[in-house]
Amino acid sequence: MSRQLPPLHALRVFETAARAESLSAAAQELSITHGAVSRQIALLEDWLGQTLFVRQGQRNVATDHARAFAAEISAAFDLIGDAALRFGKAPQTRVVRVNAQTTLAMHWLMARLPGFHAAHPDVQVVVTTSSSADPALRGGFDVAIRRDPPPRPAWEPYDKQTLFMERASVVAAPSLLATLPVRRLRDIAKHTFVATQTRVGDWETWLAAAGVSALRPVRFHRFDHYHVSLQAVLDGLGLGIGCTPTLDRELAAGRLVMPLPEIQVDGATYVTLVPRDVDKSKPLRDFLMWVHEAAQAPASQVTRPDARSTSRGTRRKRDGSAA
């Protein structure tokens with residue numbers, strides 16, 4: 001299928017001008033004349049059939065439509081630049097592309113990445129996220145981090161290694177518990193339960209383990225994605241089911257509290273997936289070694305970027321409960 005692409009040089013000039021908010025600044029950045037910038041933008045406007053810049057006083061200003069278009073063009077140029085770094089032969093090519101499910105990226109990976117950067121300051125880690133409702137692996141990446149996928153042919157091209165298994169219990173914002181304490185199991189019936197459509201059965205599994213399967217809350221709030229549910233719990237909307245080590249940082253910082261830590265159930269198992277045909281560069285090997293060591297490190301090291309991970313065999317413990 002043939003692509004209908006506008007003139008690429010005109011696109012580059014236009015993106016620079018929209019980002020710089022000045023044709024003169026774009027000319028200076030690109031080392032061309034002001035007139036050359038104007039001609040390339042006129043060429044692109046003719047191709048699109050759409051005005052991109054309008055005159056305001058002494059300046060040419062990008063339209064709202066043009067600014068939105070430029071934002072998407074900038075993202076495309078970033079992808080091209082990343083690909084050129086990865087597939088070029090230059091020795092300074094040191095990029096690792098990681099695709100992780102959104103909640104894990106937000107609450108677990110980002111909290112630990114400073115430790116990797118401290119040990120490997122010359123390696124760039126590019127993180128993209130995906131919804132837990134979309135189990136497919138799309139787009140280019142060197143390593144994906146996923147909840148353990150079910151066996152099927154689609155996963156055969158990947159080398160899989162277990163990262164960690166979550167342990168789940170009730171979590172809440174301290175402000176909510178200050179207003180309506182949970183001192184014993186039956187107190188949770190006074191609360192709203194926050195649930196997630198992509199993690200159906202979390203509450204039922206925990207209530208069964210607690211021996212109170214018939215217990216019902218004041219109400220349920222259900223959200224489509226787990227990271228949205230967690231934000232609702234952080235904001236004090238109700239009690240949720242949260243997991244360690246994913247939420248170690250929030251628990252250690254006191255943003256979340258686990259009021260009944262003695263009642264925990266097994267959560268999801270996360271794995272790393274590496275395409276078998278991907279170039280196993282040294283930066284990728286370093287990242288894989290680091291991320292698996294980070295998964296075994298004590299929660300106390302999360303807030304210490306220079307801390308080195310403990311051995312892979314170390315079992316984390318928090319509040320006297322196995323992670």
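Two strands are said to pair if DSSP finds at least two bridges between them. In this predicted model, strand 1 (residues 53-56) and strand 2 (residues 59-62) run antiparallel and are joined by four bridges.

**Strands 1 and 2**
- Strand 1 and strand 2 form a hairpin, with two residues between them.
- In the turn of this hairpin, Gly-57 has a positive phi of about 65°.
- Across the pair, Arg-55 stands opposite Asn-60, which belongs to strand 2.

**Helices 5 and 8**
- Helix 5 (residues 102-119) packs against helix 8 (residues 226-234) at an angle of about 45°, and their axes are 8 Å apart.
- Helix 5 is therefore oblique to helix 8.
- From helix 5, the contact is made by Thr-102, Thr-103, Met-106 and His-107.
- Helix 8 contributes Tyr-226, His-227, Leu-230 and Leu-234 to the contact.
- Sorted by class, the contact of helix 5 with helix 8 has four nonpolar residues, four polar residues and no charged residues.

**Asp-187**
- Asp-187 is found in the loop between helix 6 (174-179) and strand 7 (192-196).
- Asp-187 counts as buried because its relative accessibility is 5%, and buried means under 20%.
- The side chain of Asp-187 reaches the backbone nitrogen of Arg-183 at 2.8 Å.
- When neighbours within four places in sequence are left aside, Asp-187 is in contact with Pro-181 and Val-182.

Definitions and conventions: Residues are numbered from 1 along each chain as its sequence is written. This is a predicted model: local features need pLDDT of at least 70, side-chain atom pairs count only at pLDDT 80 or more; totals for chains, interfaces and linings use all residues. Side-chain values use heavy atoms; hydrogens and water are left out. Buried means under 20% relative accessible area, exposed over 50%, partly exposed in between (1.4 Å probe, protein chains only). A polar contact is a pair of N or O atoms within 3.5 Å; within protein, one must be able to donate a hydrogen and the other to accept it, and residues adjacent in sequence count only if both atoms are side-chain atoms. Contact means heavy atoms within 4.5 Å. Axes are lines fitted to C-alpha atoms, for helices over the stretch in contact, and angles run from 0 to 180 degrees between N-to-C directions. Angles under 35 degrees count as roughly parallel, over 145 as roughly antiparallel, 65 to 115 as roughly perpendicular and the rest as oblique. Ala, Val, Leu, Ile, Met, Phe, Trp, Tyr, Cys and Pro count as nonpolar, Asp, Glu, Lys and Arg as charged, and the others, Gly among them, as polar.
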